[in-house]
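Hi,

Here is the structure I promised to pass on. Have a look at it first, and my notes follow below.

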Amino acid sequence: FSFKDFQSECFGDKIVVTLVVANTGDRDGDAVPQLYVGFPSLKPALRQLRGFQKISVPSGGEVPVVFVVTPEDASYYDETAQKWVSAAEKGEQVTVSIGKSSGDLGWHKAFSCTE
């Protein structure tokens with residue numbers, strides 16, 4: 001499988017990411033693109049899984065995939081403040097990554113979407 005044609009855009013406080021999954025093999029199969037969000041304040045944690053989709057792709061075929069990153073997806077628990085905070089509230093960008101697994105992320109982009 002290959003992931004290609006990545007596009008991304010902010011819609012208010014949401015991030016919409018689209019891509020195309022192509023089956024480059026000789027058989028029909030399933031792919032599971034995964035979406036991760038990284039926060040500068042969460043070091044040493046690099047990123048957190050925020051979404052995935054299992055899709056069936058026929059041999060030689062292509063299937064479009066859409067991920068929507070909500071404000072909740074761009075939030076994390078701040079142990080110092082003892083509450084959930086959004087990266088936007090802290091003035092930080094989040095890095096959105098997509099790939100076949102956490103060890104095989106082929107696309108990354110930094111965002112700061114606000115309403």
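A quick definition to start: buried means under 20% relative accessible area, exposed over 50%, and partly exposed in between (1.4 Å probe, protein chains only). By that rule W107 is buried, with a relative accessible area of 13%, while F6 counts as partly exposed at 23% relative accessibility.

Please keep in mind that this is a predicted model: local features need pLDDT of at least 70, side-chain atom pairs count only at pLDDT 80 or more, and totals for chains, interfaces and linings use all residues. Residues are numbered from 1 along each chain as its sequence is written, and side-chain values use heavy atoms, with hydrogens and water left out.

Now the rings. There are three aromatic pairs in the structure (Phe, Tyr and Trp rings, the six-membered one for Trp, with centres within 6.5 Å; planes under 30 degrees apart are stacked, over 60 edge-to-face, the rest tilted). One of them is F6 with W107: the centres are 5.4 Å apart and the planes at 10°, so this pair is stacked. F6 sits in strand 1 (residues 2-11) and W107 in strand 11, 101 residues apart (strands are DSSP runs of E, at least two residues, numbered from the N terminus).

F39 and Y76 make a tilted pair, 5.0 Å centre to centre with 55° between the planes. Both F39 and Y76 are buried.

Finally, the charged end of K100 sits over the ring of F3, 5.9 Å from its centre (the rule: NZ of Lys or CZ of Arg within 6 Å of the ring centre and within 35 degrees of the ring normal).

Cheers

Note on methods:
Helix = DSSP H or I, 4+ residues; strand = E, 2+ residues; numbered from the N terminus.
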